[in-house]
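Trainee: I'm new to this one, could you walk me through it? Let's take it topic by topic.

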Amino acid sequence: MKSHSVWLTSRVSRRMPTEYFVLANLREQGAIIGRLAGHPIAETVVDASGLQYHFVGVAPRDRSGRFDVEALLTGEWIVQPGLVYAVDGKATSVPSKPPRRGRSQHRV
């Protein structure tokens, strides 16, 4: 099981804002397959650059109640209110770690 912790030590992840692992400005695509905390769970979401992500589960939390970003696999991202989506494997450019601040449309 390959995870972001390959490039992200636990010391760094505690200092790095969780928001770096959250996708924003998405549009839903496909069927609504469930609900979490009153919010619909879309089968697929699409970001501003056209990358598609499919629902893979609910984001785990660490002891402090923050999203446990170290549990995310490569290509997985958090979508509020706490869903995990994986980038579509057919994408030509698969983001696997957060870019430097201010360099991506995928981050808040």
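Trainee: Which strand gives the most to the lining of the largest pocket?
Mentor: That is β2, with 5 residues, where a strand is a DSSP run of E of at least two residues and a helix a run of H or I of at least four, numbered from the N terminus. A pocket here is an open set of points on a 1 Å grid over the protein atoms alone, where a 1.4 Å probe fits and protein lies on both sides within 12 Å along at least five of seven lines, and lining residues have an atom within 4 Å of a point. Please keep in mind that this is a predicted model, in which local features need pLDDT of at least 70 and side-chain atom pairs count only at pLDDT 80 or more, while totals for chains, interfaces and linings use all residues. Residues are numbered from 1 along each chain as its sequence is written, and side-chain values use heavy atoms, with hydrogens and water left out.

Trainee: OK, and which residues lie nearest the centre of that pocket?
Mentor: The lining has 16 residues, and E28, P40, V45, V79 and Q80 lie nearest the centre.

Trainee: Switching topic, which residues make up the largest nonpolar core?
Mentor: There are 11 of them, namely L23, I41, A42, V45, L51, Y53, W77, V79, L83, Y85 and V87; such a core is a set of buried Ala, Val, Leu, Ile, Met, Phe, Trp, Tyr and Cys residues joined through side-chain atoms within 4.5 Å. The strands β2 (39-46), β4 (76-79) and β5 (83-87) each supply at least two residues of this core. A second, separate core has 10 residues, among them M16, Y20, A59 and F67.

Trainee: How many aromatic pairs does a search of the whole structure find?
Mentor: The search finds 1, a pairing that requires ring centres of Phe, Tyr or Trp (its six-membered ring) within 6.5 Å, with planes under 30 degrees apart counted as stacked, over 60 as edge-to-face and the rest as tilted. The rings of F55 and Y85 have their centres 5.6 Å apart and their planes at 70 degrees, so this pair is edge-to-face. F55 sits in strand β3 and Y85 in strand β5, 30 residues apart.

Trainee: And is Y85 buried or exposed?
Mentor: Y85 is buried, at a relative accessible area of 1%, whereas F55 is partly exposed at 23%; buried means under 20% relative accessible area, exposed over 50%, and partly exposed in between, using a 1.4 Å probe and protein chains only.

Trainee: Last one, where does L72 lie?
Mentor: L72 lies in the loop between β3 (52-58) and β4, and L72 counts as buried at 1% relative accessibility.
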